Each structure stands twice: as structure tokens, then as C-alpha cells.
Amino acid sequence: MPGHRGKTKAKKPKPIVNVHSVARLPSEEFIGLVDDIGRAEGWNTRVKVLCEFLQLPDLSRRSGLKKVHVNFNEVYHNIDDVYVANIGNEKITGTIIGIYTKMCADAILRDKLFQKGLVTKITPLINIPATRYLALRALTTVTHHGGVDIRKEISLESPSLLKVIQENPDDLRAAEMAISTMAHAIGAAINQEDSPAPKYTKAANIKTLIPVVIDFMRKPGVTIQLLHHGLELLTHPVLHCWSECKANSALQDLLVACLRSADLTVRVSALGGLLRLEALSSEDDQRQFDPHKLMAAIERRFPDHLVDILTDYGTMRCDTFLTMSSTADNQKAMMKCAQDKDLYSLGLKLAELITRTEFSIAEGGFQMQDPRTGRIELNRDIGLPFIMWSDALPHCARAILAKGRPGEEDLADMITAKFFIIRSRIPDAIEAAKRGLQRNPKFAYFYYVITLGKDHYEGLRSAKKGLKCPKMTPFVRFGLLHRAVELAGNLGVCRIQESSPGDRKYDEGVAFLMSAMEDAKVYATEAPPDARHMKNVLYWYICLTLTIKGPETPADLEELQVAFKKLGYADEFSVLLGTVPPRTQLRLTQQNIVKRYPTAVQEWKDLIARFDEVMTDERPISLEKAEDDLAAWLDDLHLDHGEEDEPYPQRCSHPRVSPNTVALYRCSWCSNPSAALRKCSGCEKARYCDGGCQKSHWSEHKVTCRT
């Protein structure tokens with residue numbers, strides 16, 4: 001070692017043999033070590049000195065990490081002795097953190113170190129200039145490769161990270177690592193469907209965090225990694241901290257401006273953030289129909305320009321006319337049934353009405369005047385097994401089945417499914433629809449019912465397959481198109497945010513978005529101008545056009561003027577029919593984007609240009625390839641089971657962060673890297689962290705285990 005004590009060797013502990021035989025070393029034993037590390041130049045050299053002193057195995061080799069696994073308690077005990085005895089020596093503590101960081105390349109060792117309080121050892125070093133970069137790199141590594149629990153715990157250190165970059169506004173290197181760490185950690189803590197624990201939102205300090213991150217993103221000379229992690233971090237709090245995010249106009253302008261990036265991943269991340277921003281402050285869409293409001297609107301007469309629009313489309317093909325005539329036909333059919341008690345004939349009529357329009361089966365009941373009070377009341381003694389008209393559906397379905405006529409089983413299942421939809425029993429409706437499809441896979445209405453379920457993958461596949469059926473009414477066709485737009489749009493945004501360019505899932509995400517935009521275009525062109533879902537489809541069309549075309553869209557949005565005009569008419573029809581357009585998530589998102597787009601694009605064009613200097617995905621979007629990818633995805637699914645659960649993907653714009661390049665095996669289930677995985681005793685090829693991973697993988701692995 002260089003220096004005046006170069007020939008003096010520090011005392012080394014004896015090689016580790018057994019955890020129970022290791023005694024704690026007195027602090028005098030470390031005097032030579034302190035001197036050697038004090039003279040060493042650079043953290044790598046210091047790590048080497050300490051590893052030699054502790055006789056640690058080579059941590060850059062798999063065999064070395066295996067030895068650490070075997071003797072982990074002894075290894076940690078000896079390292080911790082040095083740490084405790086020299087806790088005030090920043091070079092010693094920094095060197096120990098360097099060793100731990102190398103060990104963290106192994107997922108199992110990382111979890112063990114985390115349980116030993118690794119984060120509490122790293123955090124104090126962030127505030128010391130000499131150890132700041134080492135500590136930040138260690139924290140970045142642990143966060144980037146850590147699981148959800150580790151990331152959540154690290155998110156509680158956000159105040160320290162935020163303080164460091166606020167106090168060092170010109171230190172872009174520290175800012176890059178701190179923002180990267182917070183992006184991964186805060187995302188795990190608060191970017192979830194359920195409301196996060198208050199301690200996580202408090203630690204994130206969103207009101208302060210947002211302007212600090214935006215300010216760093218504006219600085220000249222920042223890396224592309226800082227920009228991408230900054231954007232990722234800014235989109236995490238928009239769901240559960242929406243009020244703080246909405247109070248920051250710069251954040252919203254930046255997200256809107258990102259829709260003009262040449263990089264599709266940036267555009268989709270921005271759209272996802274803007275959509276989530278409105279999720280919890282929005283209203284539900286209209287789900288009920290009031291026939292009295294419809295009749296009142298017709299009596300008031302429509303304005304001339306709306307009458308012209310309906311006439312040009314074909315008045316008798318419009319939703320208003322179809323709903324009005326279907327309501328009248330439903331009432332007539334019920335009155336006829338009250339006379340002839342023929343549930344079979346009533347069922348056939350209801351089956352026809354169900355596929356004519358959404359609200360064809362209006363609620364009502366047989367009424368009579370009480371001779372004593374003069375009040376109009378329900379007639380409960382009409383001689384039928386139902387009182388309310390919607391309750392007639394299951395009785396009609398049974399009557400049709402009782403007839404046993406070929407082909408009419410489909411009608412019975414359709415009536416049953418409609419009854420469950422009216423009662424908001426969607427799982428039961430889907431079960432009836434699937435039962436019908438087993439018998440007749442070309443019955444389009446059954447596919448429509450399945451699209452109403454919670455399984456978006458199954459719903460999209462059903463919508464696409466239903467659209468290929470040879471016969472269907474306009475209502476069913478446009479219903480399938482509407483659901484295809486919503487499902488593919490949502491899935492596309494999620495898929496791209498959870499994957500990387502070149503991945504199969506990324507290509508599928510692009511295919512979903514392209515499919516949603518094309519279906520939206522067809523719906524907006526061919527559906528009735530007064531269709532209830534016209535507004536939602538146009539919201540998607542506007543958002544998807546901006547997202548998919550990016551910088552190709554004129555900044556003045558001239559290309560979308562026709563869509564804006566149709567949207568205005570759709571709003572007028574809605575108000576005229578007695579329903580003020582609800583402030584749905586999509587409506588608020590589209591309005592926010594359109595309102596901010598021209599000025600936001602101009603204000604943030606320089607920053608967006610820096611995003612585009614190193615694009616994540618430079619491939620042009622091809623409609624033909626998107627169609628092929630969607631077809632491949634559809635062929636790969638099973639209608640009865642939907643898509644299998646998969647480990648949560650980890651997408652990041654930078655290469656994998658690791659101070660240790662050792663090649664490690666990965667768990668066959670969770671993909672965690674480790675030198676101490678257990679082999680499957682059956683095939684001796686699959687490897688697992690523990691019995692839990694092996695059990696989770698068995699349903700898939702058993703097919704190939706012994707073949």
C-alpha cells in the first residue's frame with residue numbers, strides 16, 4: 001500500500017468456519033485497516049482492501065456469492081463488527097456499503113441485507129459529500145432491483161433524497177440517481193389501485209416534489225435517464241394525489257406536451273398519467289334511461305340543425321327513434337300478454353327488441369286505479385307470474401325452452417343474459433352468454449355480453465370475435481365496436497407502460513392502440529349521430545390520434561376539427577334528451593388535453609426535443625404490423641380463462657443498474673437472480689428461490705418437468 005505505513009499489514013480475522021464460533025472483534029483490531037483504507041484511492045480499491053481484510057470470497061463470481069450464502073450470518077457479523085466500530089468513519093462505512101451493493105446483485109442476499117437494515121445504513125451517507133455518490137448509487141441499485149416491499153420502504157427515505165437535490169441544485173449526477181430511486185420507490189408505494197397508506201404519501205411530499213423534479217428536467221445538460229425517470233416519477237402521484245397534481249399547471253402542460261414527442265413510449269406514459277389524473281375526481285357514465293325525458297324532448301321538438309343531422313343519417317335508424325319505438329313496442333307486447341297470457345310469444349318479441357337498442361326493455365308494470373282512493377297502483381292480480389315488466393324475462397326464457405323448437409335456445413339464453421344485465425348481475429349474464437356460445441359460436445349478442453365483464457383481455461377478444469359474426473343488428477355491431485375501442489385503448493396504454501420496445505407485450509400494446517383508433521374511426525363515421533356512446537368513442541379517438549400520430553398532428557389540431565364538431569352535436573343530443581354530459585374520466589382527460597395542447601407544445605418544445613434525442617423506440621408505427629400482432633394475440637388467448645397472470649414487468653429507460661456483472665441464474669418463476677437457487681428434483685433444470693416459487697410455477701412446469 002502507498003504511504004509511510006505501506007509495509008504495515010492490518011491484522012485479519014481468521015477464516016470463517018462456524019457462526020457460533022465467531023466472537024465479536026475488539027475495535028483495536030481495525031487500526032491497520034483504517035489506515036489502509038484511508039490511504040486507498042477510490043471506492044473500488046477500498047472495497048478490495050476490506051474484502052481482503054475480511055477474507056471475503058470474490059463477489060464478482062457466482063461461486064463467491066454461493067459462499068456468502070452458505071456463511072451469510074458469519075459474513076454479515078464480521079462486516080457489521082467493522083461497521084459498528086467505525087461508524088463515524090465515512091470511508092469505512094462507505095466501503096461497507098460498496099460491499100453490500102455488490103452483494104445486492106443476488107436477489108436473496110439483497111433481501112437478507114434489507115432485513116438487516118441496509119437502507120438505514122445507506123441513508124446517512126447521502127448527506128456526506130464524500131460518500132454521496134456511492135450511497136446514491138447503492139440506493140439506486142437496491143431500489144431498481146428490489147421487490148415491492150423494499151421499494152416501499154425506500155420510498156420513506158424520499159424526504160432525504162429530496163432535501164439533497166434541493167440543497168445541491170447544480171449537481172445533476174446526484175439528481176439523476178435520486179430521481180431514479182424515487183421514481184421506482186414512490187411508484188411502488190403510491191401508484192396502485194388501492195389508496196396507499198398515509199405514511200407513503202406524506203413521505204413523497206408531492207406538493208414540493210413536483211416543482212423540484214420539473215425544475216431539474218428543464219436544466220441544460222441533464223441525461224436522458226433523468227428525463228425518463230423524471231417523467232415516470234411525475235406520473236406516479238396523479239391518481240391518489242390528484243388534487244396536488246391538478247394544482248400544478250406546469251405538470252399538466254408538460255404531460256400534454258409529451259404527446260408531441262417522437263417517442264411513442266413517452267407519449268403513452270403521458271396519456272396514462274393524464275387519464276389517471278381524472279380517475280378519482282370524475283363521474284360515472286350514464287347508465288339509466290328515463291323514457292319520460294325522451295318523450296318530453298320529442299314534444300319540445302329538436303332544433304332544426306339537429307333534425308337535419310338525423311334526417312341525413314336516416315331518422316328511423318337513429319337511436320332516438322329506435323328507443324322510442326322499442327319502448328312503445330315493449331309496452332304493447334306486455335299489454336297483449338296481459339290478455340292472452342302467452343309468455344312464449346312475449347319472449348319472442350322481447351328477443352327481437354333486445355337486439356334493437358340498449359334500452360328497449362323499459363321498466364314498468366301493469367297499473368290499475370284503486371276504486372276506494374282513486375290512486376294509480378300496480379295491479380298485483382293480473383294472472384301472470386310477474387308484476388314488474390323486467391321480471392317477465394326469466395319466465396319468457398323458460399317458456400321458449402319449454403317449446404323445444406330448434407334454434408330458439410339462443411333466444412332463451414339471450415333473454416336470460418339481458419335480465420341479469422338489467423339487474424347488474426354481469427357475471428351471471430356472462431355465464432349465460434358463454435353457455436350460448438358453446439352451442440352457437442356465431443351469435444354476436446353473446447360476445448357483446450362478455451365484453452361487459454371485468455376481464456378486459458377476454459372482453460377485447462370477445463368484441464373482436466363478435467364483430468366477425470355473419471349476422472347482427474346495428475345496435476349489437478356498434479355495441480361491440482364501442483367496447484372494442486374502450487378495452488383496446490385501456491389495454492394498449494397499460495401494455496406499453498409495462499414493457500419495453502421490442503418486447504412482445506410492447507408490440508401488442510401498439511396493436512391494441514391502433515385497433516382502438518381504427519374502430520373508433522369506424523364508429524364515429526357509421527354510428528347514429530345521437531348514439532349514447534358517441535361521446536366516449538370520440539374522446540378516445542381524439543386522445544388516441546394525438547398519442548399515435550404524435551408530432552405528425554398539426555399543433556393547431558386542424559385534423560381533429562371534424563371530430564370536435566361531431567362531439568359538439570353529441571353533447572347537444574345528450575342535453576336535449578335530458579342528460580347533461582357527465583364529467584367522466586375520458587371527457588375530462590380529452591378536454592384537458594385539447595385546452596392545453598397549443599400553448600403546452602410551444603412552451604415545452606425544447607424539453608421534448610431532448611427526449612427525442614435518444615428515442616426508446618425509433619420504429620415507425622405500421623398498421624399492417626399492428627393488425628398482425630393483434631391477430632397473433634387473439635389466437636394466443638382462451639376465451640374461457642382470459643389471460644394468465646404474469647409477474648409484474650419492470651420497464652425502465654436505462655440499462656440495468658448493477659455494480660456487479662456476475663452472471664447469475666434466475667428463478668424460473670419470479671426471475672430473481674441468485675447464486676443459491678434450488679434445482680427442481682424432477683428435471684434438475686428449473687431453479688427456484690424457495691418452495692413458494694416452485695409451487696407457483698408447478699402448474700406450468702409440470703408439463704415439461706419429466707419429459
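Is Arg483 buried or exposed? Arg483 counts as buried, at 13% relative accessibility. Buried here means under 20% relative accessible area, exposed over 50%, and partly exposed in between, with a 1.4 Å probe and protein chains only.

The model is predicted; local features need pLDDT of at least 70, side-chain atom pairs count only at pLDDT 80 or more, and totals for chains, interfaces and linings use all residues. Residues are numbered from 1 along each chain as its sequence is written, and side-chain values use heavy atoms, with hydrogens and water left out.

The structure holds 27 salt bridges. A salt bridge is a side-chain nitrogen of Lys or Arg within 4 Å of a carboxyl oxygen of Asp or Glu. Arg483 forms one with Glu486, with the closest N and O atoms 3.0 Å apart. The two residues are three apart in helix H27, and about one helical turn separates them. Glu486 is also buried, at 17% relative accessibility. Helices are DSSP runs of H or I with at least four residues, numbered from the N terminus.

H27 (residues 474-497) also contains Arg477. Arg477 forms a salt bridge with Glu526, at 2.7 Å between the closest N and O atoms. Glu526 lies in helix H28 (residues 504-526), so the pair ties together parts that are 49 residues apart in sequence. Arg477 is partly exposed, with a relative accessible area of 29%. Glu526 is partly exposed at 34%.

A further salt bridge joins the side chains of Glu167 and Lys163 (2.9 Å, N to O). Both residues lie in helix H10 (residues 158-167), four residues apart, about one turn of the helix. Lys163 counts as partly exposed at 43% relative accessibility. Elsewhere, Asp329, Lys349, Glu352 and Arg356 are linked in a network of salt bridges.

Helix packing was examined for H14 and H16. H14 (residues 224-235) and H16 (residues 249-258) pack at an angle of about 120°, with axes 11 Å apart. Axes are lines fitted to C-alpha atoms over the stretch in contact, and angles run from 0 to 180 degrees between N-to-C directions. The helices are therefore oblique to each other: under 35 degrees counts as roughly parallel, over 145 as roughly antiparallel, 65 to 115 as roughly perpendicular, and the rest as oblique. Leu231, Leu234 and Thr235 of H14 meet Leu251, Leu254, Leu255 and Cys258 of H16, where contact means heavy atoms within 4.5 Å. By class, this contact has six nonpolar, one polar and no charged residues. Ala, Val, Leu, Ile, Met, Phe, Trp, Tyr, Cys and Pro count as nonpolar, Asp, Glu, Lys and Arg as charged, and the others, Gly among them, as polar.
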